[in-house]
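I opened a new model today and wanted to go through its charged pairs. Here are my notes, in the order I looked things up.

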Amino acid sequence: MKVAVLVGAGSIGQAIIRRVAMGMHVVLADYSLANAEQAAKTLENAGYQCSTIKCDLGSKEDILNLVQFATSKGEVMYLVNAAGVSPSQAPVHHILQVDLYGTSVLLEEFGKVIAEGGSGVIISSQSGHRLPALPQEQNDALAMTPCDELLELPFLKAITDTLKAYQYSKRCNVLRVMYEATRWGRRGATINSISPGIIITPLANDELHGPRKDGYLRMIEASPARRAGTPDEVGELAEFLMSKRGRFITGADILIDGGTTASYWYGDLQYLKTTH
């Protein structure tokens, strides 16, 4: 049996897995087992075979348990990581533990078991593209430092702002995907990251109606697309990357943000660079 693993059973992850995992056994892993079970019920009603497991992405032990659980179901062909915490959800140390360290461990451990012809997608964020250019030694450290030493890097330990922690985490995701692509390639597999902008999910809807809504609305209005994206649009991009048509793409990061990053650096959102 071929297996597809989804970490983070929310809207974006489900949009991807529905497109790539038909006929496979789908392993749904989430910090909330209830969320994973709810997603499993939805997918099972649409004809998918699923199993669920609780997994805290910030825990290496949980990730190792997930790898063992997934491989017990069959040959792991696909990995989708759509889990993480945002700057408004957690303190600095937790953001780094989950988004930076946990994603790095996930990439490394599944890179040891991914099947030939397999593929993975890591959901990063446009936020990583808002971090100014880093010194090469920092880029190299984020890409290649052994996972268990990552959180001891001095420049990460110096971070006190949650947004900065999130930006460094997402930059690390992209660099780590580049680094791991060479290892995944030895097994005949591809791995890429996708950096979405504002995508309409339950969390984004909360933000768009919450205290920070004005900032989100300005970003949307100033972007070339002048709208938010949808989980299905991210799903279609991931489907291409993970299909035979995308086999020549690996170690890459693709922005899907309606041009918000372009506007941030060169357009009507330049003012945000002083505050974000």
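**Entry 1: the model.** I am working from a predicted model. I keep that in mind for every distance below.

**Entry 2: salt bridge count.** How many salt bridges are there? I get six. I looked up three of them, one by one.

**Entry 3: D232 and R19.** I started with the side chains of D232 and R19. They form a salt bridge, at 3.3 Å from N to O. Where do the two partners sit? D232 is in helix α10, residues 231–242, and R19 is in helix α1, residues 11–20. The two are 213 residues apart, so I log this pair as a link between distant parts of the chain. I then checked accessibility. D232 has a relative accessible area of 42% and is partly exposed. R19 is partly exposed as well, at 26%.

**Entry 4: R19 again.** R19 has a salt bridge with E236 too, at 3.8 Å from N to O. E236 belongs to helix α10 and R19 to helix α1, so this pair ties together parts 217 residues apart in sequence. Buried or partly exposed: which is E236? I find E236 partly exposed, with a relative accessible area of 46%. I noted the three residues as one unit: a network of salt bridges links R19, D232 and E236.

**Entry 5: K60 and D148.** Next I took K60 and D148. Their side chains meet in a salt bridge at 3.2 Å, N to O. K60 lies in helix α3, residues 60–73, while D148 is in the loop between α5 (136–144) and α6 (154–157). The pair therefore ties together parts that are 88 residues apart in sequence. K60 is partly exposed, at 27% relative accessible area.

**Entry 6: helix α5.** Which residues of α5 are buried? I list Q138, N139, A141, L142 and A143. I then asked what covers the buried residues of α5. The cover includes α4 (92–110), α6 and α7 (162–186).

**Entry 7: S72.** I went back to helix α3, where S72 lies. Is S72 buried or exposed? S72 counts as exposed because its relative accessibility is 55%, and the cut-off for exposed is over 50%. I also checked S72 against M1. The two are 71 residues apart in sequence, and their C-alpha atoms are 10.0 Å apart in space.

Methods: Residues are numbered from 1 along each chain as its sequence is written. This is a predicted model: local features need pLDDT of at least 70, side-chain atom pairs count only at pLDDT 80 or more; totals for chains, interfaces and linings use all residues. Side-chain values use heavy atoms; hydrogens and water are left out. A salt bridge is a side-chain nitrogen of Lys or Arg within 4 Å of a carboxyl oxygen of Asp or Glu. Helices (H or I, at least four residues) and strands (E, at least two) are DSSP runs, numbered from the N terminus. Buried means under 20% relative accessible area, exposed over 50%, partly exposed in between (1.4 Å probe, protein chains only). Contact means heavy atoms within 4.5 Å.
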